[in-house]
Amino acid sequence: MRLIFFGPPGAGKGTQAKKVAEKLGIEHISTGDILREAVNKGNDLGKKVQVIIEKGELVPDEIMNELVKMKIKELNSFILDGYPRTLEQAKSLDKILKELNKPIDAVVLIDVSEEEVVKRISSRRVCPNCGRVYNLITLKPKNDEICDNCGTKIIQRKDDREDIVRERYKIYQKTTHPVIEFYRKNNTIITIDGSKDVEEVTKELFNMLGRFSQNDNN
Ligand SMILES: [Zn+2]
C-alpha cells in the first residue's frame with residue numbers, strides 16, 4: 001500500500017502516519033527523516049543538504065525530489081508524510097512513481113479548521129530549562145504555568161504564537177490546495193475529520209483504509 005498524508009500544522013498528521021505505518025508494517029517516510037538520513041550519509045548531496053539546513057533555508061525541490069526518489073526505489077509500500085509539499089514536487093513524484101510502476105493507492109487528508117489549529121498550538125507551552133512540553137488545555141502543569149519537573153516558569157515558543165500559527169495555516173492552505181486538486185483528478189482522496197482526539201482519528205483512519213489493505217499483498 002502506498003499512501004500520501006496531508007494535514008495542516010497541528011493536525012497530528014505525523015502521529016497518524018506513524019500509527020498507520022506501524023499497523024500496516026510499512027515504511028513511514030517523513031521529509032525530516034529523509035533529510036537527516038542524507039546528512040548522516042555525509043556524501044556530496046548530504047553535505048549540500050547540511051549547509052542548506054544550517055542556513056535555515058528550505059531544501060530546493062530538485063534535491064528533495066532526488067532524495068525521495070532514492071528512498072522509494074527500495075520500497076514497495078510506504079507512507080509519504082510532508083512530501084510532496086508543492087505542485088512541482090507532486091508532478092515530479094508522479095513521474096518517479098510512473099517510472100517505478102508504483103502508483104499511489106490513496107491520499108489521506110487530515111482536515112482541521114484554522115480555529116482548531118490555533119486553539120491547539122497557541123496553548124502549547126514549553127519549559128525553557130528542561131524542555132518539557134505542556135498544553136494549557138490538554139496537558140496542564142500541576143501548578144499554574146510552573147514546570148512540574150524543575151519549577152521553572154513555562155513559556156510560549158514564538159512559533160506557537162497565534163499570529164504565527166494563522167500565517168502558517170494560510171501558507172499551508174495556499175500551497176497544499178493545488179496539490180490536493182492535482183491528486184483529486186486521478187486518485188482516491190480519503191478525508192478524515194482531524195478535530196477529534198488522536199485515538200478516534202486513528203480508528204476512523206483504520207476503518208477507511210481497511211478495504212485497501214485487504215486488497216494489498218504487501
Ligand atoms: Zn522544566
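Two residues are taken to be in contact if their C-beta atoms, placed from the backbone, lie within 7 Å. On this criterion, Glu 114, Val 117, Val 118, Ile 121 and Ser 122 of helix H6 meet Glu 162, Val 165, Arg 166 and Tyr 169 of helix H7 in the predicted model. Five of the residues in this contact of H6 with H7 are nonpolar, one is polar and three are charged. Two packed helices are described by the angle between their axes and the distance between the axes. For H6 (residues 114–122) and H7, the angle is about 140° and the axes are 9 Å apart. H6 is therefore oblique to H7, as angles over 145 degrees would be needed for the roughly antiparallel class. The crossing of H6 and H7 is right-handed.

Val 118 belongs to helix H6 and, when neighbours within four places in sequence are left aside, is in contact with Glu 162, Val 165 and Arg 166. The C-alpha atoms of Val 118 and Arg 161 are 8.6 Å apart in space, although 43 residues separate the two in sequence. Within 10 Å of Val 118 there are 17 other C-beta atoms, so Val 118 is partly exposed; a buried residue would need 20 or more.

At the level of the whole protein, the secondary structure consists of eight helices and seven strands. The radius of gyration is 19 Å, close to the 17 Å given by the globule rule for 218 residues, so the protein is as compact as a globular protein of that length. Along the principal axes, the C-alpha atoms fill a box of roughly 55 × 45 × 30 Å. Of the 218 residues, 27% are buried. Among contacts with a separation of 6 or more, 71% are between residues 24 or more positions apart.

Two further helix pairs were examined. Helix H2 (residues 31–41) packs against helix H3 (residues 44–54) at an angle of about 120°, and the axes of the two helices are 7 Å apart. H2 and H3 are therefore oblique to each other, since the roughly perpendicular class covers 65 to 115 degrees. H2 passes H3 in a left-handed crossing. On the side of H2, the contact is made by Leu 35, Ala 38, Val 39 and Lys 41, and on the side of H3 by Leu 45, Gly 46, Val 49, Gln 50 and Ile 53. The residues of the contact of H2 with H3 comprise six nonpolar, two polar and one charged.

Helix H4 (residues 61–73) and helix H5 (residues 87–100) pack at an angle of about 30°, with 10 Å between their axes. H4 is therefore roughly parallel to H5, because angles under 35 degrees fall in that class. H4 and H5 cross in a right-handed sense. The H4 residues in the contact are Asp 61, Met 64, Asn 65, Val 68, Lys 69, Ile 72 and Lys 73, and these meet Glu 88, Gln 89, Ser 92, Leu 93, Ile 96 and Leu 100 of H5. Six nonpolar, three polar and four charged residues make up the contact of H4 with H5.

Most residues other than glycine have a negative phi, and most peptide bonds are trans. The peptide bond from Tyr 83 to Pro 84 is cis, with omega near -5°. Pro 84 is located in the loop between strand E3 (78–81) and H5. Asn 101 has a positive phi, near 55°, and is not a glycine. This residue, Asn 101, is placed in the loop between H5 and strand E4 (106–111). Asn 101 has 6 C-beta neighbours inside 10 Å and therefore counts as exposed, the limit for that class being 12 or fewer. Phi of Glu 145, also a residue other than glycine, is positive and near 55°. The loop that holds Glu 145 runs between strand E6 (133–135) and helix H7 (162–186). With 14 C-beta neighbours inside 10 Å, Glu 145 counts as partly exposed.

Technical notes. Residues numbered from 1 in each chain as written. Predicted model: local features only at pLDDT ≥ 70, side-chain atom pairs only at ≥ 80, totals over all residues. Axes fitted to C-alpha atoms, helices over the stretch in contact; angles between N-to-C directions. Helix = DSSP H or I, 4+ residues; strand = E, 2+ residues; numbered from the N terminus. Left-handed = near helix turned anticlockwise from the far one by under 90°. Nonpolar A, V, L, I, M, F, W, Y, C, P; charged D, E, K, R; others polar. Rg over C-alpha atoms; globule rule 2.2 N^0.38 Å.
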